[in-house]
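User: Please take one part of this model, the packing of its nonpolar residues, and go through it closely. Then set it against the chain fold and the contact between chains.

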Amino acid sequence: MGALTARFGAGLAGFFVLLVGFWLAGLVLAPNLMMIDFALRPNLLPADVGGPADVYSLDNLAYLAGEPVHRDIFFKTVWASALVMLATFVVCYPLAYWLAQTASPSAASLVVLALIVPFWINEVLRTLAWYILFAFRGPLNALLLGLGILDEPMRWYGDGGVLVGMVYAYILFMLFPIYNSIESLEKAQVEAARDLGASTWRIHTRIVIPHAKAGIATGCVFTFMLAAGSYVAPALLGAPGSRWFTQIIYNWFFEGGDWNRGAAYALVLLVLCLAVVLITLRVFRVSLTDVAK
Amino acid sequence: MTDAVALPPPATPVRTPLATRAAAAIPKILFWIYVGAFFVYLFAPLVVMSAAAFNTSRFPTLTPWLGTTTDWFAQMADDAAMWRALWTSALVALGVVAIAVPVGTAAALVLTSLHARARSVLYALMVSPLLTPGVVIGIATLVLWRQIGVGGGLLLIVLAQASFISAYVMLMVAARLQRFDRTLEEAALGLGATKLMVFRRVLLPFLRPALLAAALLATLQSVENYNTTLFVRGFETPLTVYIATKVRTGLTPAVNALALVMIAITIAGALAWEIARRLEARRAATPS
């Protein structure tokens, strides 16, 4: 604060602190604290709020633990998000490596430009595109039938469709961090390893991946969080059997009319994502400053 | 472990047999198949969606192709609900830029004047909205404001979006601030400028490119947001919500026409952004 006043004067410094306080206290902390408060209270009629029944408890969280359908959907969301993360990594890593290490500068910048376009198109439209492509009488089935790969049309909506749509939606959150971190790797290191007889697999596992760990961690953290918190892809590309945890939360708010339970479920989702962030950063020994670049 | 052993002796300049050369080419061929598949995966959905805007079929598809038409564009342009949704999105984006750009800039400036320990704590708090799922941000905002009797609507959409878009602005401004030469400020002060004048005439002009870029990014982020908006929208229908609702209430290629227009704007924007960035990079590279 002292340094801030010395640099900008009391008036301007005060204004900056006010703005930051408004943001962090009013828009970040207070809403989350209120969500925790909601999550720990029972859902009561307005007349009973503040009455003897209005006490803190873990009932809403216990409800999630005890309701088999919701619990299964929660765990399914967790592992499916992890699967989305892994699939996105596998799809992106070779291209990121090629872009950063072997592509000529002009080819690389052209490819990056081509990648940016889908990145800027919003998630709803990107998912809508898959919705159209995956339709039962849609282009994908027509193509596969025409090529003789399928004998009868496939139902793509469901777990597979959701996975494909999510990997598509989050590809660039994985690709760009990895690309940026591989780019700073000296080409000579890879050449030296190759000259010394290392196989391609060893070059990647021993040199490139350790070097790019900050980028890989960033990509994984973002992809997992986005997948677990996704609403559009499961809503459009899912089937009744492939519900996502966010859809359950939405129903508590706008169909079930129990905001307290909805808040508890949202809290569980938040804690899950923060845990994944912290664990990933710890495992990769990466600091938060490296993540948000 | 056997890798080193399997290494052939230093090659004498003999022609390698054709089979060996073919075998060596396989990884390369596989790689290019992968690159091709990657870009088909990336663009095929967008191409299909755009092309379906020209099919007379009532459901957006390519198969069967019933005839080529541009009627869906006219129908989209006549859709009053779509224009209302666009207007709602524009109002929200304006509100978000008005909050997020000053807040994010102030945050970046406050960070620079802190010591390492306090800075890392505050920094973690500031980037935390980026690591929070969008639906949670929407829900948290919704429940807080219900306590004071404010329901979902324009105000809550703006506040909920600003809570994480401010973090993007902070990161962009902080990146630019790292290249700022503090001696310029000292020189201005030495020449008798007030602190306020130094801020307005030295620091702000330096930050201007970052502020413009941040305002553009904030607008895009705001217009394309869906997850957070869904929970705090009340009875408002911004563009993304409108599109998502259309899927359930009757999807026609008019939505594809809208998508194609948005894709075209996006491509133009991405190209303009890239060109501007390269010009900037070139200017920075050439010593003036």
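Analyst: The nonpolar core

The largest nonpolar core has 168 residues, and A:A96, A:L175, A:A266 and A:L269 touch the most other members. Such a core is a set of buried Ala, Val, Leu, Ile, Met, Phe, Trp, Tyr and Cys residues joined through C-beta atoms within 7 Å; buried means that 20 or more other C-beta atoms lie within 10 Å of the residue's own, with C-beta atoms placed from the backbone. Helix α7 of chain A, residues 159-183, supplies the largest share of this core, 16 residues. Leaving aside residues up to four places away in sequence, A:A96 touches A:L175, A:I178, A:Y179 and A:I182.

The model is predicted: local features need pLDDT of at least 70, side-chain atom pairs count only at pLDDT 80 or more, and totals for chains, interfaces and linings use all residues. Residues are numbered from 1 along each chain as its sequence is written, while chains are lettered from A and ligands numbered from 1 in the order in which they are written.

Chain B has 11 helices and zero strands, helices being DSSP runs of H or I with at least four residues and strands runs of E with at least two, numbered from the N terminus. Of its 288 residues, 36% count as buried. The C-alpha atoms of chain B fill a box of roughly 80 × 60 × 40 Å along the principal axes.

Between the chains, 71 residues of chain B are in contact with 69 residues of chain A, contact meaning C-beta atoms, placed from the backbone, within 7 Å. On the chain B side, helix α1 (residues 18-52) gives the largest share, 11 residues.

Definitions and conventions: A residue is buried if 20 or more other C-beta atoms lie within 10 Å of its own, exposed if 12 or fewer, and partly exposed in between; C-beta atoms are placed from the backbone. Two residues are in contact if their C-beta atoms, placed from the backbone, lie within 7 Å.
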